[in-house]
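Dear colleague,

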Amino acid sequence: METLYLDDANSAVVILDQSLLPGEVNYIPLTTLAQVWDAIKELRVRGAPAIGVTAAMGLYIHMKGYALGEPDKEAFLTEMARACAYLNTSRPTAVNLAWALTAMEEAVQGVESGAVSCFVEVLRATAEQIKADDIANNRLIGKHGAALLKPGMGILTHCNAGALATAGYGTALAPVYYAHEQGMKLRVYADETRPVLQGARLTAFELQAAGVDTTLICDNMAATVMANGWVDAVFVGCDRVAANGDTANKIGTHGVAILAKRFGIPFYVCAPFSTIDKATPTGADITIEERDPQEVTHLWYASPVAPQGVKVFNPSFDVTPSELIEAFVTERGLLKPPF
Ligand code: MRU
């Protein structure tokens, strides 16, 4: 099941609408910049690497259309800068979004001469390359992470950092998939991940489809499964790693890391290098997205569960301090402290 792909013939980025999973498998074409922005904002496509690839492909589709008006190079580059700045506002925390858009801009700046049509071709090739690199890097993350696993181990994960969060294969789930492909039997505990339930809807869905032994738990059950001795390692993905190793990931990750430390369980963060942001010194410098209070009070309920008008705090991410992280699992191998 592909997370997203470029349908060049129809000038569309086609995404699997993750807001409908697991009940409905529905692919939707995004043909305008505004549709791409909305799809990212509304979590129809989500997960740090996946939104980077979607933005890159959406930028290409937009600039391909813009080039039909035969702009000169200056106008083309001005429009491209505007489009990048706009897409960048869709979600603030995952650095992969800005990273992918910067890669697109740099690719065009690298074109010394030629017509605007050359720029368009470079954008198409770069967007496809970002997607291909993401899948290849995830397989390497899988290989390096699987070396940490032994048959029968229990793994706990939070949110969804699987194939659906990326162009394919996932980051936190990549070691599980890699080991599973080698015939290794593992047990995975998936936190449901309040309030949007990426764990229940997406992680449980894709692990089950892959035939991995999966147990869904509510977020507040993690301490119990750890205390029971059922968890040997925690693997999570991430949205931005600061220069000192502090790591932003889905809200609740920090709590899982604290629990893992308490129970002596290694806590691994799986990330491609594109998620490491050396320009952000520490976790305190990471912008944390706050989302609609209705995700807490209304979403998934037939009628609102909370009293009308109650104050709601709904940060979408938290920052795990680097001292709680055993190692980063990257496409280049393990990064261990000091970070
Ligand atoms: O709000 P989401 O669903 O985009 O949050 C996703 C996560 O927090 C993932 O763990 C992270 O993006 C890593 S995806 C490989």
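Which residue has its backbone nitrogen 3.5 Å from a polar atom of the side chain of threonine 320? The residue is histidine 254; the pair is a polar contact, that is, two N or O atoms within 3.5 Å, where within protein one must be able to donate a hydrogen and the other to accept it, and residues adjacent in sequence count only if both atoms are side-chain atoms. Threonine 320 belongs to strand β12 (residues 317-320); helices (H or I, at least four residues) and strands (E, at least two) are DSSP runs, numbered from the N terminus. Threonine 320 counts as buried because its relative accessibility is 1%, where buried means under 20% relative accessible area, exposed over 50% and partly exposed in between (1.4 Å probe, protein chains only).

Please note that this is a predicted model, in which local features need pLDDT of at least 70 and side-chain atom pairs count only at pLDDT 80 or more, while totals for chains, interfaces and linings use all residues. Residues are numbered from 1 along each chain as its sequence is written, and side-chain values use heavy atoms, with hydrogens and water left out.

Turning to the ligand, 18 residues surround it, the closest being Arg46, Ala48, Arg91, Asn249 and Lys250; a residue is near a molecule if one of its heavy atoms lies within 4 Å of it. An oxygen atom of the ligand lies 3.0 Å from a backbone N or O atom of glycine 47. For alanine 48, a polar backbone atom is 2.9 Å from a ligand oxygen atom, and for arginine 91 an N or O atom in the side chain is 2.7 Å from a ligand oxygen atom. The protein buries 99% of the 410 Å² that the ligand exposes when taken alone (Shrake-Rupley method, 1.4 Å probe). Two or more residues of the shell around the ligand come from each of α2 (48-67) and β9 (247-250).

Some backbone features also deserve mention. The peptide bond between arginine 194 and proline 195 is cis, with omega about 0°, and proline 195 is placed in the loop between β5 (187-191) and α7 (198-209). Leucine 43 is not a glycine, yet its phi is positive, at about 65°. Leucine 43 is found in the loop between α1 (33-41) and α2, and it counts as buried because its relative accessibility is 8%.

Yours sincerely
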